[in-house]
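Trainee: Please give me a close look at a single part of this model. Include what packs around that part, and how the rest of the chain compares.

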Amino acid sequence: MNTPLRLTRRDFLRNTGTAAATLATASALAPALLGADSPGKTIGVGCIGLGTRGGDLINAVVAVPGVKVVAVCDVYEPHRQKGIERSKNPDVKAYVDYRELLADKNVDAVVIGAPDHWHCQMVLDAAKAGKDIYCEKGFARTLPEAKLMRDALNKSKVVFQLGHQARQSTAALQARDLITQGILGPVTLVRTGRFMSSDPAHPMWRWYGYYSQWNRPDPAQVLKAVDWELWLGPAPKIPWNERHFWHWRCYWAYGTGQAGDLLSHEMDFVQYVLGHGIPDTCYCAGLNALLNDDREVPDTWAATYQFEKPGRTVTFTGSMNTNAGQPVEICGKEATLRFDGIAHDVNSFTIQKEGYNRRENIPEGYDRGKTPGQPNHMVDFFNCVRSRGTPKCPANEAFIESATYLMSVESHRQKRLVRWDPAKEEIV
C-alpha cells in the first residue's frame with residue numbers, strides 16, 4: 001500500500017501547491033527553467049536508502065511530472081519492498097548494492113536517503129558515474145569528507161542538491177529581499193532552536209523504521225532480512241547491533257547528532273536568508289540531561305556562533321526533553337523579523353519595529369502574493385536536471401552547511417571555543 005506524502009514539517013508541497021501545478025507553471029512561464037533537455041524526456045531516478053527519510057523522499061519524487069522511479073536500493077528487504085510499492089512503477093528494478101544501481105543505464109539521477117555515514121562515498125561514486133544527485137542533509141560526517149565531496153561535485157558536470165527544503169519557502173525569499181534593503185538595520189542577533197519531547201517509554205530517536213513508530217520488529221527476522229556488512233559500509237566493523245541499525249542517529253559512528261540532523265536545518269535556513277557564510281567562531285555545549293540510555297550523542301545541544309565582520313551572533317538551542325518552541329528570529333537594531341516556525345515549517349513572518357524607529361515604510365509582515373511562488377525543493381532539483389542550472393542548495397552551500405555544524409561538534413568534543421581558518425579551510 002502506498003503511503004501519502006507527509007503534510008507536516010517535511011512537506012515538500014505546502015508552499016507551492018502540487019508539484020504538477022508548480023512544474024506546469026514553470027514550463028509555461030519560464031521555459032529556461034526546464035532548459036536544455038527536451039521537456040518531454042522522462043528523467044529516470046534511482047532511490048538509494050528507503051528507510052525513515054528515504055521513504056518520504058521517494059513519495060516526493062513520484063509526485064513530480066516527467067520523472068519516473070526506475071530503480072530502488074536498500075540493504076534491508078522490507079525497505080526495498082516499500083520502495084518497490086511506492087515507486088508506482090511495475091517495472092522498477094530493486095538492488096541491494098547501490099553500486100549496481102549506479103551502473104543501471106536507465107538511471108539519470110539518484111536520490112540518496114541513506115544514513116549519514118554513507119553520504120560521502122555514495123555522492124563520490126554517483127558523481128563519478130555521471131548521475132545527478134539529490135542527497136539528504138547533513139552533507140558529511142567530517143570536514144575531510146565535506147571537502148572531498150564539494151571538490152568532486154564542482155569538478156563534475158552533475159547537478160547536486162542538498163536536502164534543505166526550507167529554501168523552498170516564498171516567505172524566506174521575501175524576508176531576504178527586505179533584509180537586503182536594510183529595513184531591520186544592522187542584524188546583530190539571530191535565534192534558532194529545535195525542541196521535541198516524548199513520554200519516557202518512547203525516547204526520541206528510538207523509533208523503528210519511521211518517525212514516532214515504536215513497535216519493535218522481531219530482531220531475529222530483521223537480521224535475516226538485512227545485509228549488515230553492507231549497511232555498515234565505511235563505518236567501524238562491529239557485530240550485528242539492532243539498536244545501531246534502527247537508531248543510528250544516536251551514535252557518532254553514523255552521524256553527528258543534533259548538529260547534522262537538526263541544527264543544520266536552522267543554520268542553513270539562516271544562511272539562505274542572510275548569506276553570511278561560515279562563522280568565525282563557535283562555542284557549543286552538549287549534555288545528556290535525561291536520555292541516559294546507551295546513546296552517545298547529547299539530548300541537549302546549545303551552540304553560539306559569531307560572525308565578526310558584521311558583528312553578528314547566531315544561537316541554536318536544542319532539547320529532546322521539552323516541546324517548547326523557538327521560531328527563527330532575526331533581530332536588527334531597528335526591527336525584529338520573526339518567522340512563524342522552525343526553518344522548514346516557515347510559511348510567514350511578522351516584523352516588529354523598535355520604539356525609537358520612526359520609519360514609516362516598514363511592512364508589518366509577510367505580504368502573501370507579492371513574491372512569486374517558489375518550486376518545492378524536489379521540483380527545483382529536477383528543473384535544474386533539465387536545464388543544467390544550479391539548484392538552491394548546491395555543493396558550495398552544502399559545504400558551508402557542513403563546516404558550520406561540524407564546528408559545533410568539534411567545540412563540544414574539545415570543550416572550548418573553536419575558530420574557522422578560511423585560508424586552510426580548517427576548524428582550529
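Mentor: What follows is a close look at the sheet, with the whole chain as its background.

The model is predicted: local features need pLDDT of at least 70, side-chain atom pairs count only at pLDDT 80 or more, and totals for chains, interfaces and linings use all residues. Residues are numbered from 1 along each chain as its sequence is written, and side-chain values use heavy atoms, with hydrogens and water left out.

Start with the setting. The chain holds 14 helices and 15 strands. Both are DSSP runs numbered from the N terminus, helices being H or I with at least four residues and strands E with at least two. The C-alpha trace spans about 65 × 55 × 45 Å along its principal axes. Of the 428 residues, 58% count as buried. Buried means under 20% relative accessible area, exposed over 50%, and partly exposed in between, with a 1.4 Å probe and protein chains only. Take the contacts (heavy atoms within 4.5 Å). Among those with a separation of 6 or more, 70% come from residues 24 or more positions apart.

Now the sheet itself. It is open and has nine strands, in the order β13-β12-β11-β7-β10-β9-β8-β14-β15, with mixed pairing. The edge strands are β13 (349-353) and β15 (426-427); each has a single partner strand, so one side of each is left without a neighbour in the sheet. Two strands pair if DSSP finds at least two bridges between them.

Look at one pairing. Strand β7 (residues 187-195) and strand β11 (residues 329-332) run antiparallel and are joined by four bridges. V187 has G332 as its bridge partner in β11. On the sheet packs helix α14 (residues 395-414), which touches β8 (281-287), β9 (300-307), β14 (418-421) and β15. The direction of α14 makes about 55° with that of β8. Here axes are lines fitted to C-alpha atoms, for helices over the stretch in contact, and angles run from 0 to 180 degrees between N-to-C directions.

R191 and E329 form a salt bridge, 2.7 Å from N to O. This pair links distant parts of the chain, with R191 in β7 and E329 in β11, 138 residues apart. R191 is partly exposed at 33% relative accessible area, whereas E329 is buried at 9%. A salt bridge is a side-chain nitrogen of Lys or Arg within 4 Å of a carboxyl oxygen of Asp or Glu.

Next, strand β10 (residues 312-319), where T313 sits. T313 counts as buried, at 17% relative accessibility. Its side chain makes a polar contact of 3.1 Å with that of Q306. Such a contact is a pair of N or O atoms within 3.5 Å; within protein, one must be able to donate a hydrogen and the other to accept it, and residues adjacent in sequence count only if both atoms are side-chain atoms. Beyond its neighbours within four places in sequence, T313 touches T188, L189, V190, T304, Y305 and Q306.

T317 is also in β10. T317 is partly exposed, at 36%. Leaving aside neighbours within four places, T317 is in contact with T192, G193, R194, F195, W301 and A302. Its C-alpha atom is separated by 30 Å from that of L50, 267 residues away along the chain.

For comparison, some salt bridges elsewhere. The whole structure has 21 of them. D261 and K137 form one, at 3.5 Å from N to O. D261 lies in helix α12 (residues 258-274) and K137 in the loop between β5 and α7 (143-155), so the pair ties together parts 124 residues apart in sequence. Both D261 and K137 are buried. Another joins R150 and D151 at 3.0 Å. R150 is buried at 12%, while D151 is partly exposed at 35%. A salt-bridge network links R206, R243, D293, D294 and R295.

Last, a helix. In α3 (residues 52-62), ten of the eleven residues are buried. Among them are R53, D56 and N59. The buried residues of α3 pack against β1 (43-48), β2 (67-73), α4 (77-86), β4 (109-112), β5 (132-136) and α13 (377-387).
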